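Reader: Please take a close look at one helix pair in this model. I would like the geometry, the contact and the cut-offs behind each term.

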Amino acid sequence: MLSVDEQLKVILSGTMQVVPLEELKKKLAKGEPLNIKLGVDPTSPDLHLGHAVPLRKMRQFQDLGHHVTLIIGNGTALIGDPSGRDSTRPPLTEEQVEANAKTYVAQAMKVLDPQKTTIVHNGDWLKPLDLSKMLELMSQFNVARILEREDFHNRYTNGLSISLHEFIYPVLQAYDSVVIKADLEMGGNDQIFNLLAGRDLMRSMDMEPQVALTVPLLVGLDGHKKMSKSYKNYVGLTDAPNDMYGKLMSIADEIVPMYFRLCSTLPVDEVDAIDKAFEDGTADPYKLKRQLARNIVDLYHGEGEGQKAEDAFDAQFKKNEVPDDVKEFPMSLVVTNDEGKVYLAKLLADLEICKSAGEGRRLIDGGGVKVNGEPVAPKSYNVDPALFSAGTTVQSGKKRWAKLV
């Protein structure tokens, strides 16, 4: 295995907190593979690049020679993680959780090395817990301490509801660490309370406590909010190669270094060099975005697919003769109606391509509206929302253009 300092250079790249760092150094100094834990609740069937950030860090641990345990939270998902929430999560059925778990594992294995990954389901040990064991676990935690965590504190002080079962979530996540004997647990930066709860419970059970490591929440394509489907600023791991490439080409220049560090497979030294180039003004953002998009498409779709997507992007760009100064508009303008469709005539007005929905209908009927270079058929007022994603261009004629970001 590499020296402690060499390993830390990789481990600390793109991390937010390591608590406590000195304990991690001592664990690494033993020269033995550590058991790295990541717990995920399959609350959705599809993952995006934001979900993959901790998976990328897990892969780095694997490449350093450590053992990783991916816990599928088919037990904890029945409660729902309250971290970062201002309201109680709607409950999922066991059938929904199990269906989501299957697709989650398939997508996670695009990042992790399947041969070096142990996959377990915490429902195997959480669901059989009897009352006496639950009481034993819950007695190790203090209600006042739990209320100190930011999300609960905010909800409590603002008079918002906190369901009693939500208090149990960090207890059960902590018990996961006890069961698998974790040396280090990873999570998003909003998970720090849960990770430290695992340290506390392991210590109370006379076990060597795990180290807590957090990674940042990935900023979405809009460059401001965290990546989320609800914000329509995400890159899905199952997006088609051309769509994935196009979305990544739309990101703001200033977040390119973050995406290289958190989402790409580039070595740390190369990412450091990209950071430096942005700092001293020598970076070419457009060229680097192309490199980033190729790398990420290759990662999720296979070697060579990134170049194919780039060729398709270049061909489409040239075909459409997209001007360099196209005005950009947020994806939030793309809204669906009661039929699940996008009223294109109004969207044209919102994109300042025309002055009103009535004028938008006339443009559509005249055959002069194109989405990503493809003509929209006359009378097509309500269209499929799948037509639109970050990077999509909408035009009427040769002079009226808009780009969604």
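Author: Helix α3 (residues 49–63) packs against helix α12 (residues 256–263) at an angle of about 50 degrees, and their axes are 9 Å apart. Helices here are DSSP runs of H or I with at least four residues, strands are runs of E with at least two, and both are numbered from the N terminus. The axes are lines fitted to C-alpha atoms, for helices over the stretch in contact, with angles from 0 to 180 degrees between N-to-C directions. So α3 and α12 are oblique to each other. Angles under 35 degrees count as roughly parallel, over 145 as roughly antiparallel, 65 to 115 as roughly perpendicular, and the rest as oblique.

On the α3 side, L49, V53 and R56 make the contact; on the α12 side, Y259, L262 and C263 do. Contact means heavy atoms within 4.5 Å. By class, this contact has five nonpolar residues, no polar ones and one charged. Ala, Val, Leu, Ile, Met, Phe, Trp, Tyr, Cys and Pro count as nonpolar; Asp, Glu, Lys and Arg count as charged; the others, Gly among them, count as polar.

The model is predicted: local features need pLDDT of at least 70, side-chain atom pairs count only at pLDDT 80 or more, and totals for chains, interfaces and linings use all residues. Residues are numbered from 1 along each chain as its sequence is written, and side-chain values use heavy atoms, with hydrogens and water left out.

Now another helix. K27 lies in α2 (residues 21–29). K27 is buried, with a relative accessible area of 3%. K27 touches L34, D183, E208, P209 and V211, not counting residues up to four places away in sequence. Buried means under 20% relative accessible area, exposed over 50%, and partly exposed in between (1.4 Å probe, protein chains only).
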